[in-house]
Amino acid sequence: MTSASHADNSGGAHHPSRRMPDHNFRYWIIAPSVFLLLLIGLFPLIYSLVVSFQQITMTDYDTSFAGLTNYAQLFDDARLWQSIAHTLIITIIALPIELVFGLAMAHLFLERMPGRQIFISLIVLPTVISPVVAGATWRLLFDQRYGPINQVIGWFAGHDVIMLWNITPHLVYPAILICEVWQWTPFMFLILLAALSNVDKSLTEAAELDGAGFWRIFFKIVLPAIWPVMAIAILIRGVDLFRIFDVIWALTSGGPGTMTETISIYTYVQGFQQFESSYTAAIAFLIVGLMSVVVIWAIRRMGLAK
Amino acid sequence: MTNLSVAATRRWKLAGRYGLASLLLVFFVFPIYWLFIISLKTPDEIFHFPPIWYPKSLQFANYAVLFKDGDAVSVLNSLILAGVSTVIAMIFGTMCAYSLVRFKTGGEDFAVWVISQRLMPPIAIIFPIFLLYVYLGWVDSYGGLIVLYTAFNLPYVIWMMRGYIEDIPLELEESALVDGCSRWAVLWKVVFPMARTGLFATAVFTFVFAWNEFIFALVLTRTEVVTYTVQVTHYFGGQSNFWAKIAAMSALGTVPVFITVSLLQRFLVRGISMGAVKG
C-alpha cells in the first residue's frame with residue numbers, strides 16, 4: 001500500500017486514477033456483480049436453510065428449532081411429488097417435440113428460397129413474447145365458444161364441438177403442450193438453423209458423392225457438427241421447462257384441482273397462498289439442491305465455462 | 001433424367017417447400033394475429049358465435065379504455081424497471097466480464113457459478129427474497145424490483161459480454177496501457193467503445209427478459225409498480241368478460257418487443273443461444 005500512496009504523491013495530476021491501485025483492479029470491477037449475485041445466489045440458499053429448520057406458518061411465527069421435520073414432510077407430501085411428476089411429464093414430452101420439430105423446420109429453411117428471411121422473421125415471433133402473454137393468447141384461442149380452435153375442429157368434425165380445453169382433465173395437458181411447443185419450437189428452430197448453416201458443405205457433398213443416404217449423412221456428419229450448439233439449446237430449454245410457471249398460470253393456474261400443478265406452481269401456492277414459510281423453504285432448498293447438481297454437471301460436461 | 005424433368009422436379013420441390021412453409025407460418029403467426037385482432041374488435045364482435053375472423057372495421061376503444069382507467073401505466077412501470085435494471089446490469093456485468101476474460105479472475109469455478117445462477121428456477125429464490133424485502137420494506141417499490149432484475153440478469157450479461165470482449169484485440173489495450181492509461185481508463189475508453197455492438201445487442205435482450213418477466217413481479221408488486229405482465233393476469237377471472245382488456249394490454253406489451261427484435265435480427269441467434277452460436 002505504501003508504494004501505491006507514494007505513486008499517488010509523485011504522480012500528481014498526471015495520474016489521477018492511481019487512487020484506485022491497478023493491482024486490485026480485477027477485484028474492484030467484479031465487486032458490484034459479486035455482491036448482487038450473492039444476493040440471489042447465496043442469501044436465498046442460507047436463508048432457506050435456516051427457515052427450513054424452524055416451524056413458521058401463517059398463524060404461528062415459531063422460530064424454535066424443528067430439526068428435520070420439514071424435510072421429513074417432503075417425503076410424505078404426495079402433492080409435491082405429483083407436481084414434480086407433472087413437471088417432468090411436460091419436460092419429457094415438450095423437449096423432444098420442440099427439438100425434432102425445430103430441426104425439421106431448420107432443414108426446410110436451410111436452402112435459399114425467395115422470401116425465406118421474411119418467413120423466418122415471422123415464425124420466430126412467438127419466442128420473444130412474454131410467456132404469460134403467450135398463455136393468455138392461447139386461453140383466448142381455446143375458448144370453447146368464442147375461440148377459433150373449436151370452430152376449426154368443428155369444420156372437420158362436421159358439427160359444432162364444445163371442448164373445454166382448460167378444464168377437461170384429458171385436454172389440459174395437450175393445451176399446455178400446444179402452447180409450449182408453439183412458443184419455443186421457433187427458439188430451437190432458429191438456433192438449429194444457424195448451427196446447420198455452419199456445417200461444412202464440402203463434407204456433406206463428398207459423402208453424397210460416395211453414395212451415403214440422407215440419414216447416414218445426418219447421423220455421421222451433421223449431428224456431430226451441430227451437437228455442441230444443440231446441447232446448449234437442449235440445456236436452456238430443459239431448465240426453462242423444469243421451472244415452467246407463467247404459461248400454466250395463465251392457462252390453468254394448476255387446475256383442474258391440482259392436475260397441472262408443476263413444481264413452481266406448487267411452491268408458489270405453499271409460500272404465497274398458504275404461507276407455510278418453513279415448509280416452502282424446505283421445498284426451495286430441495287429444488288436448488290436438485291437443480292445445482294444437474295446444471296453444474298451439465299455446464300462442466302459441455303465445457304461451457306472454458 | 002432429362003434436363004426438363006430435373007427442372008420440373010425442382011419446381012415441384014420448391015412449391016412443396018412453400019406449401020409447408022405457409023402451413024408453419026399459419027400455425028406460428030395466427031395466434032398472434034388473433035390476439036391483436038381481438039384487441040381491435042368491439043365487445044359484440046369478440047363474443048360472437050361463430051367467431052369473426054376479421055372485423056369489418058378496426059377500432060381502438062379497447063386501448064383508449066386502458067389509458068383512461070390508468071391501467072396503461074403498467075407499461076410505463078415495465079419500461080422503468082426493465083430500462084434502469086438493464087443499464088445497471090450492463091455496466092456491472094461488462095466490468096465483471098472484462099475481469100473474467102483478461103485476468104481469469106476466479107477461474108473456471110467462478111464462471112460456472114455465474115452461469116449456473118442464470119439457470120436457477122426463480123421460484124426457489126423468490127420466497128427468501130420476498131421475506132427479505134418485507135423486512136426491508138422493499139415490496140412494491142421500484143428499487144426492490146430493479147435490484148432483483150439487475151441481479152437476475154447479471155449472469156446473462158456477464159456471459160454474453162465475455163464472448164464479445166474475447167473478440168477485442170489485446171494489442172489495442174496494450175498500446176493504451178503503454179501510453180500511460182490506467183486500467184480504468186482502458187476499460188472506459190477502449191473496451192466499452194470497442195464492445196459497443198455487443199453491448200447494444202446484449203442490452204436489448206436483457207431489456208426484453210426484464211420486460212417480459214412475470215413471477216418476480218407477481219410476488220413483489222401490489223399496486224404501485226405493477227408491470228404489464230401482471231396487469232394482464234389481473235383481468236383473468238371466473239366469468240372473464242375482460243377479453244378486450246387482456247388482448248389490448250398484451251398487445252401494448254408485445255408491440256415494443258416485436259419492433260425491437262425485428263430491428264435486431266442479426267443478433268437474435270447469438271442473443272437467445274447465450275452466445276453458443278456466433279455471427
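Predicted model: local features only at pLDDT ≥ 70, side-chain atom pairs only at ≥ 80, totals over all residues.
Skip its neighbours within four places in sequence, and you'll find B:Phe207 in contact with B:Ala82, B:Gly83 and B:Thr86. The residue itself belongs to helix H10 (residues 196-212) of chain B. Is B:Phe207 buried or exposed? It counts as buried because 23 C-beta neighbours sit inside 10 Å, where 20 or more is the cut-off. While you're there, pick B:Val257 too: B:Phe207 and B:Val257 are 50 residues apart in sequence, yet their C-alpha atoms are 9.4 Å apart in space.

**Next stop: helix H14 of chain B**

Now select residues 265-272 of chain B, which make up helix H14. Its buried residues are B:Leu268, B:Val269, B:Arg270, B:Gly271 and B:Ile272. What covers them? Just after H14(B), click on B:Met274, which takes a positive phi of about 55°.

**Across to the other chain**

Colour the two chains separately and look at where they meet. Here 84 residues of chain A are in contact with 79 residues of chain B. For the largest share of chain A's side, select helix H16 (residues 277-302) of chain A, which supplies 11 residues. By residue type, that side of chain A splits into 60 nonpolar, 16 polar and 8 charged.

**Chain A on its own**

Chain A has 16 helices and 2 strands. Its radius of gyration is 26 Å, well over the 19 Å that the globule rule gives for 306 residues, so chain A is more spread out than a compact globule. Along the principal axes, its C-alpha atoms fill a box of roughly 85 × 65 × 35 Å. Buried residues account for 41% of the 306 residues in chain A. Of the chain A contacts between residues at least 6 apart in sequence, 67% join residues at least 24 apart.

**Last stop: the two domains of chain B**

How many residues touch across the boundary? In chain B, 6 residues of domain 1 are in contact with 6 of domain 2. On the domain 1 side, the elements giving two or more residues are helix H1 (3-39) and helix H2 (43-46) of chain B. H1(B) gives the largest share, 4 residues. That domain 1 side is made up of 5 nonpolar residues, 1 polar and no charged.

Note on methods
Residues numbered from 1 in each chain as written. Chains lettered and ligands numbered in written order. Contact = placed C-beta atoms within 7 Å. Nonpolar A, V, L, I, M, F, W, Y, C, P; charged D, E, K, R; others polar. Buried ≥ 20, exposed ≤ 12 C-beta atoms within 10 Å, placed from the backbone. Rg over C-alpha atoms; globule rule 2.2 N^0.38 Å.
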